[in-house]
Amino acid sequence: MNMNLPIVAVVGHPNVGKSTLVNRIAGREDAIVHEQRGVTRDRSYHIADWCGKHFMLVDTGGIEMSKDDVFQASIRLQAEMATREADAIILVVDGRVGITPDDEEIAKLLKRSDTPVFLAVNKVDTPGSEQETYEFWNLGLGTPWPVSATHGNGTGDLLDEVVRDLPGAEPEPDDGAIKVAVIGRPNAGKSSLTNRLIGKERSIVSEVAGTTRDAIDSTIEREGQLYRFIDTAGLRRLGVINEDVEYYGFVRAMRAIDMCDVALLIVDSEVGLTDQDQRVANYAKERGCAMIVVLNKWDLMKDEYERDLLLDRIEDRLMFVGWAPVLRMSALTGSRVEKVWNYIDEVYHNYCKTITTSQLNKLLTELREFGHTINKRGRTLRIHYVTQTRTKPPGFTFFANHPDLIDDNYERYIENRLRERFDFVGTPITLRFKRKD
């Protein structure tokens, strides 16, 4: 189910134990960003929950003053954007070091915001030594919460306060609309494509407050089908493009992806595929969204060699979403824009597709007769039965005698056979293997 998760941003200068606290709250297995070529960054994004309330935990990376003690503009921008995008902020400080000039400057910025700020005084490792936190009242951010990220002391009390007024992760009402997130880096052509798709039809059913602040979601009807375009256009109003802006652009994209069925990843053909494009694509895959890669400004790529080079790079760097179709078009001229509708319909159809158990087991019979299996240490893998157990995206459960024998290569083999037989273009599929003697 599509959910709009509230965002909790964790800020603070380096070496205060911020990442340790993030890992303590989220747990390693909840991490969204994985060790995958070109995708992993120093900042991390986690789905976390406390007392039944789910939220997105965002480690914003360390912010610090420059060597000449001038508070850098990028630090100010990052803190300001954290207050703009997050529903709650945890400022982490070092209880052993005491208040630093960095802490004071960050606190000044955060106090100007309406976003709730919670002050976590880390490295208070000995229970009963809360007096170490008294001086942090001087930051003017309210109660200093003593915590030990390493040992877990105090983190529960802190989280009780954080989630108390956090908005819930409410599901979208289901009106039958296909929810489409138009995502991509600044100036890639998101707004041009969205305006052309929506403005050309001019049959706007409703305008509702978007899942992203300062954005409007538009629902239109076309040939009897509703489409809701989840806008991430708020990023366009930011005049500076640097790593911090790009990072919070990713946070906006995460919000949109949380709500969508189909993600349109807009890539600027002239710029090529960027790290942010890969991060967004990876996140959409992890969240189980259908996806279309749109190469915008294709008409500006006159050199055939450069075109081939870009397509090769897309294939290589987006291999982990190799099932996503690639559409070449120009939002500015309108060339091939109409094809977007067909692509959305096709991948959404596959996203919702149901395969009968008899069809699945007919394929399984063929794999037993003509495919290959796994033999290890005197044990032979036998898959007895398969059934579809979910949609959006499609998921399949296989019952086998020794599921522990199945490795990544064999899982890819099974996935490829499913895709060849049943056409799952544009959608991820999930596979589970359970024991059945």
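Trainee: How many salt bridges does a search of the whole structure find?

Mentor: The search gives 13 salt bridges, each being a side-chain nitrogen of Lys or Arg within 4 Å of a carboxyl oxygen of Asp or Glu. This is a predicted model, where local features need pLDDT of at least 70 and side-chain atom pairs count only at pLDDT 80 or more, while totals for chains, interfaces and linings use all residues. Residues are numbered from 1 along each chain as its sequence is written, and side-chain values use heavy atoms, with hydrogens and water left out.

Trainee: Which residue meets R222 in a salt bridge?

Mentor: E338 does, at 3.5 Å from N to O. R222 lies in strand 9 and E338 in the loop between strand 13 and helix 9, so the pair ties together parts 116 residues apart in sequence. Helices (H or I, at least four residues) and strands (E, at least two) are DSSP runs, numbered from the N terminus.

Trainee: And is R222 buried or exposed?

Mentor: R222 is buried, with a relative accessible area of 12%, whereas E338 counts as partly exposed at 36%. The cut-offs are under 20% relative accessible area for buried, over 50% for exposed and partly exposed in between, with a 1.4 Å probe and protein chains only.

Trainee: What does E161 pair with?

Mentor: E161 and R164 meet in a salt bridge of 2.5 Å, N to O. They are three residues apart in helix 4, so about one helical turn separates them. R164 counts as exposed because its relative accessibility is 52%.

Trainee: Switching to aromatics: how many pairs are found in the whole structure?

Mentor: Seven aromatic pairs, where rings of Phe, Tyr and Trp (its six-membered ring) pair if their centres lie within 6.5 Å; planes under 30 degrees apart count as stacked, over 60 as edge-to-face and the rest as tilted. Y410 and Y413 form a tilted one, 5.6 Å centre to centre with 45° between the planes. Both tyrosines are buried.

Trainee: Which elements do the buried residues of helix 11 pack against?

Mentor: Helix 10 and strands 16, 17 and 18, with contact meaning heavy atoms within 4.5 Å. Among the buried residues of helix 11 are I414, L418 and F422.

Trainee: What comes just after that helix?

Mentor: D423, which takes a positive phi of about 55°.

Trainee: Last one: where does the charged end of K353 sit?

Mentor: Over the ring of F424, 5.4 Å from its centre. That label requires NZ of Lys or CZ of Arg within 6 Å of the ring centre and within 35 degrees of the ring normal.
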